[in-house]
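I opened the file and kept notes on what I looked up. The entries follow in the order I made them.

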Amino acid sequence: MTDPIRPVVEGVPGAGGGGMAVRLPLESTPPEGGDVQVIASGWRLALREFLANRLAVVGLAVLVFFVVFCFLGPVVYHTNQSLTNPLITDLPPGGSHVLGTDDNGFDELGRIMAGGQTALEIGFFASFIATVIGTLWGAIAGLAGGIVDGILMRIVDILLSIPYLLIVLVLATKYSATVFDESMIIGLFAWLVPARLVRGEVLTLRERDFVSAARVMGSGRSRLVLRHLIPNALSVVIVNVTFQIADAILILAYLGFLGFGLQYPAASWGDMLGSAQQYVSSGYWWLVYPVGGCLVAVVLACNLVGDALRDAFDVRLRKR
Amino acid sequence: MTGYIIRRAMVAVIVTIGIAVISFLMLHYLSPSPVYTVLGAKTSAAAAAAWNHAHGYDRSEPAQLLTYLGQLVRLHFGYSYKLGQSVSALFKENAGRSAYLTLAALVLSLIIAIPLGVAQAVKRNSLGDYTATAINFTLYSMPSFFLGLILIQLFALDLGIFPPTVSDSVTTTWQAFTHPLQLTLPIVTLAAINVASFSRYMRSSALDNLAQDYIRLARAKGLSERAVLMRHLLRNSCLPMITLIGLSIPTLLAGNLLIEVLFNYPGLGLLFYNALGTEDYNILLAYTVLGGILTVLGNLTADVAITVADPRVRL
């Protein structure tokens, strides 16, 4: 029941979301069950739509820039990020330290690169964990239906009602020393939303003819899930991954800011902002704004890409 | 209607029990007993075992869980051995200040976000719309503490209008209320982050409504544009906000925590943060469960409120 006079929502700049806030469906119409197209052309259409969105391309470029900057930057710009140097603390930018030094005598630019590495690694790893668990959980619930679905989704409801930041912080008091730990903590409670999304998608998909056909041809449950349902629910998952990355990087920053981040000497942007807090009044701006700007830029870029992907995959919003 | 509310309430009760069980088991796993907090780290194993036995910490997990659930029903949230007070008393002391901060920020953000979203929808794709969207998008991607740091730099250190942190002399909710300068920066920071997400939904909801026939009818029968917007568009566009507010409680709690820590404002968030540092697990457990209960209540209230506000929502 597509509204014939649906307003000018193409692009919906600014609609949708990332971050920790709630995401309501912006469109009131439920996903339809009837209009399946040839998959390949659907993907190509989506790609074309995505590339036509200038903001999305900018967001993608920013992400690529940060990957190069954080992982290849240290190769070119050598800094000492493991031994403190009390002789050169809090130097203003200039000379051999492009962005100055922090209160431990670490080069700030080099530290931003190191912090960016951990942020990106944890962002990708945590969203990977969350997506894998969430996709399987949602697919199984949607396919099994009945009481299994009921139990699996009630578990999701319960976990989703526990405020995310609180429970992650509690876990971080014991386990947050390494990139792996931190990714596990963040990913362990981030799979709930993808589980819901995938279940919803599977519920509409499993009524489609091609699924019945696969069943008739004797596909087993696991084949049905892995070969037919998950690939077709993939667009929803891909859109969600980008928001997951943004969320994970934000949560990591919160943990670091509150002092429950990675263990020294590993760098993280949240930690850097947390320790810079006391120097705001001393006027050490280079300890606050460059790293904060990088954090906002990366999260913003993820959100832009996610929004654009959603618009690109959403057939109903596509310009015809 | 009544049947629907009863059914929803029963689900809410089950979810609440689930929250309590999962939180308890997780926290219990992290910290089985506060014995070393009470008796000191050098306590002998025998003394620790005796204390555990006297306080029921040597019983099986299910038994302890049942006791805990029984306490929860009577609104006993346990005892903070670090602070030497019952958690309920600590919550009672801090809840008012947190509620004031959160509600003030919520009201302020709605006052800004609703007109802003409608204005953006009416003047869609204009320069103003794009500017507002860009600012919203940036705020939305910004950790609240970073925004807070910027505002502190600007308004407290450079311009000197507001204090950089809330003064220690603000101890009661009433004092917080009567010293608006002290609380301006925390409230504005928290509100700005909410405005970013609220106004996006408001804009898209207003866009949906603008294309509806009833708006065309209102214009056709000769209503002034102002009346069309105020009387018809605004009220209908606000409906999704009910759900949004109900769902935003976890976000509000998280924002509250960060802002209270940043501005050193004594509330539940700061209490929780300090408990993280001292590993005061009873406070951590209680606040997590309380947050879960508030989330469930928020969802339930929003679901009921939307059926009252919007007669089209059929049960």
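A salt bridge, as I use the term, is a side-chain nitrogen of Lys or Arg within 4 Å of a carboxyl oxygen of Asp or Glu. I note at the start that this is a predicted model, in which local features need pLDDT of at least 70 and side-chain atom pairs count only at pLDDT 80 or more, while totals for chains, interfaces and linings use all residues. Residues are numbered from 1 along each chain as its sequence is written, chains are lettered from A in the order in which they are written, and side-chain values use heavy atoms, with hydrogens and water left out.

**Entry 1: chain A overall**

I looked up the secondary structure and found 12 helices and zero strands in chain A. Helices here are DSSP runs of H or I with at least four residues, strands are runs of E with at least two, and both are numbered from the N terminus. Next I looked up burial, where buried means under 20% relative accessible area, exposed means over 50%, and partly exposed lies in between (1.4 Å probe, protein chains only). Buried residues make up 53% of the 320 residues in chain A. I also looked up contacts, meaning heavy atoms within 4.5 Å. Of the contacts in chain A between residues at least 6 apart in sequence, 74% join residues at least 24 apart.

**Entry 2: where the two chains meet**

I looked up the contact between the chains, and it takes 56 residues from chain A and 62 residues from chain B. Chain A and chain B bury about 5300 Å² between them, with 74% of it on carbon and sulfur atoms. Buried area is the accessible area (1.4 Å probe) that two parts lose on being put together, summed over both.

How many salt bridges are there between chain A and chain B? The count is one salt bridge. R200(B) and D307(A) form it through their side chains, at 3.5 Å from N to O. R200(B) lies in helix α9 (residues 180–210) of chain B and D307(A) in helix α12 of chain A, so the pair joins two chains. I checked burial, and both R200(B) and D307(A) are buried.

I counted six residue pairs in polar contact between chain A and chain B, both residues at pLDDT 80 or more. A polar contact is a pair of N or O atoms within 3.5 Å; within protein, one must be able to donate a hydrogen and the other to accept it, and residues adjacent in sequence count only if both atoms are side-chain atoms. On the side of chain A that touches chain B, the elements that give two or more residues are α4 (146–161), α5 (164–172), α10 (234–257) and α12 (289–313). The largest share of that side, 10 residues, comes from α12(A).

**Entry 3: salt bridges within a chain**

A search of the whole structure gave me eight salt bridges over all chains. One of them joins the side chains of D157(A) and R196(A) at 2.6 Å, N to O. This pair links distant parts of the chain, with D157(A) in helix α4 and R196(A) in helix α7 of chain A, 39 residues apart. D157(A) counts as buried at 15% relative accessibility, whereas R196(A) is partly exposed at 40%. I also found R154(A), D157(A) and R196(A) linked in a network of salt bridges.

In chain B, the side chains of R203(B) and D129(B) meet in a salt bridge at 2.9 Å, N to O. R203(B) is in helix α9 and D129(B) in helix α6 (residues 127–140) of chain B, 74 residues apart. R203(B) is buried at 4% relative accessibility, and D129(B) is buried at 2%.

**Entry 4: a charge without a partner**

I looked up E201(A), which is in helix α7 (residues 192–205) of chain A. Is E201(A) buried or exposed? E201(A) is buried yet has no salt bridge, and the nearest side chain of opposite charge, R208(A), is 5.8 Å away. For charge, Lys and Arg count as positive and Asp and Glu as negative; His and the chain ends are not counted. Leaving aside neighbours within four places in sequence, E201(A) is in contact with N232(A), A233(A) and V236(A).

**Entry 5: helix α13 of chain B**

I looked up α13(B) and found 14 of its 15 residues buried, so this helix is largely enclosed by the rest of the structure. Just after α13(B), N264(B) takes a positive phi of about 55°.
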